[in-house]
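User: Can you walk me through this one? I'd like to start with the charged pairs.

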Amino acid sequence: MVLSNRLLSTVAQLGLVAGSAYAEKEYIWPNAQTDLLESMLYEQQGFGSANSPATFIVPCDKVTFGTGRNGAAEWLRTAYHDMATADVDAGTGGIDASIGFEVNRDENVGIGFNETLMNLIAFMTPRSSMADLIALGALFAANGCSNGSIEIPYRAGRVDATGPGPSGVPRPEQPLDEHISSFKKQGFTPQEMIGLVACGHTLGGVHGVDFPEIVDVVNDPRCQDLLERMINTVPKGVTLTDPIQPIPVKPLRLFATINTNGTMTMSGYIRPCLISDNFPAFASGHVMYGNPPLTFWTYPFSTVIPLAQGVSGFDVEVVDNVNGVINSTLYTNGGNGFPFDDTIVTQPKLSCSEVTSEGRMDLSVAIRDDSKLDTLKAIVHVPEPLLSLTPSVGSIPLDFTKVGPIEGSGYTLYNASIVTGVIPFNFPNNQAGSYIRTYDLIASNSTHTEEREFNMMDGLNSCPGIF
């Protein structure tokens, strides 16, 4: 791999084949609406998978919460009960996370809803709503419990409700005509109702210990279509994205460390989407089930750049060595390069983060002096309240203190610290034990403001805990 002389020059021989066949049209990085969810969707195992709910329920029987219970089954059930308040003619309800306000209703029997929501809270960010996570969890459950035979295209853009929807989830003891009426309201015919119920029960015994009288039925071949329609049922006014495809070449964890000798060290990872049985990379991540099997090889890079040159973007060249035949493919991100701005840059070696002891975050950020920016603030985003079944993504303001100039660099260093709390590991059956935390940086002076939105903690040191 080569990061071209638009900015950088560092070489690694891959011996792999880039999986560009997955991309229907050229993707331009970054994409605020889909980048994080793309990682959650496809990086299910291995490097990067800590940010994906798939780590809990793929394969199907990975997590059990007790006798007769299954995590994947309960995630699928949660998605249906969330959708079941929909009235498609009126354009209300659907997958909107209103289930968090409805868990005490008689129609939502069982503690699986609470535990599903508590585990998904760990992945809520400004770019991953609870509604999108509920839909993603249903997709993982269907794919894992069908051994990959059900592959539902995933679309993003769902919006969380701020209150409960109407009651009306069908219950086993209700007569058939009431079931038919409920499913019609949700947009399903009687025949489709039978198919959807069959799919749900077969893909993991959805009602499990809560409804032991329901017996699994044979898998219906229409499951993929019916489950896709289920998770794509959304309120009027909500527009979903096109199906998210694997990004052919994706930069990750980009940093510019400012040195005291007139240079900066730019570092990070490049994640090509590859189809290969070779294992030459730093680390890999993969989709558990897929056709063809999909693997992401992650390649680290680090290069020293004169501060007088600076950084604005880079190209990536994939050099393939397959059976002694060398080929080269240049990825230019639509001709403009992969962008990187060196005006406001987090210093990874001076910063740290942890969310398992007290939720501490220490940030050190360098600002280029010729930008004339002299004040720095941050907005820290966390799920609030952390122990709620109906959280929103909170915005906590954070002021930085100016430390002083970084010698010989033309940059000034700023520091700030915050404690945001933790989710108890056993509250209730919380498998994550942590949560994703992001921050926006806002630098300003008397005349203008510059922002760096949605910075993640990946790549920072771990802060020492208090325990």
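Predicted model: local features only at pLDDT ≥ 70, side-chain atom pairs only at ≥ 80, totals over all residues.

User: Which residue does Asp362 pair with?

Analyst: Arg360. Their side chains form a salt bridge at 2.5 Å, N to O.

User: Is Asp362 buried or exposed?

Analyst: Buried. Its relative accessible area is 14%, and buried means under 20%. Arg360 is partly exposed, at 24%.

User: What about Arg368?

Analyst: Arg368 meets Asp370 in a salt bridge, 2.6 Å from N to O. Arg368 is partly exposed at 23%. Asp370 is exposed at 52%.

User: And how far apart are the closest N and O atoms of Arg171 and Glu173?

Analyst: 4.0 Å, and they form a salt bridge. Arg171 is partly exposed at 28%, while Glu173 is exposed at 59%.

User: Which residues are linked in a network?

Analyst: Glu38, Glu43, Lys250 and Arg271 are linked by salt bridges.

User: New topic. Where does Gly187 lie?

Analyst: In the loop between helix 6 (176-186) and helix 7 (190-202). Gly187 is partly exposed, with 29% relative accessibility.

User: What is Gly187 in contact with, beyond its neighbours within four places in sequence?

Analyst: Val88, Glu192 and Arg229.

User: How many residues apart are Gly187 and Asp87 along the chain?

Analyst: 100 residues. Yet the C-alpha atoms of Gly187 and Asp87 are separated by 7.7 Å.

Technical notes
Residues numbered from 1 in each chain as written. Heavy atoms only, no water. Helix = DSSP H or I, 4+ residues; strand = E, 2+ residues; numbered from the N terminus. Buried < 20%, exposed > 50% of the residue type's maximum accessible area, 1.4 Å probe, protein only. Contact = heavy atoms within 4.5 Å.
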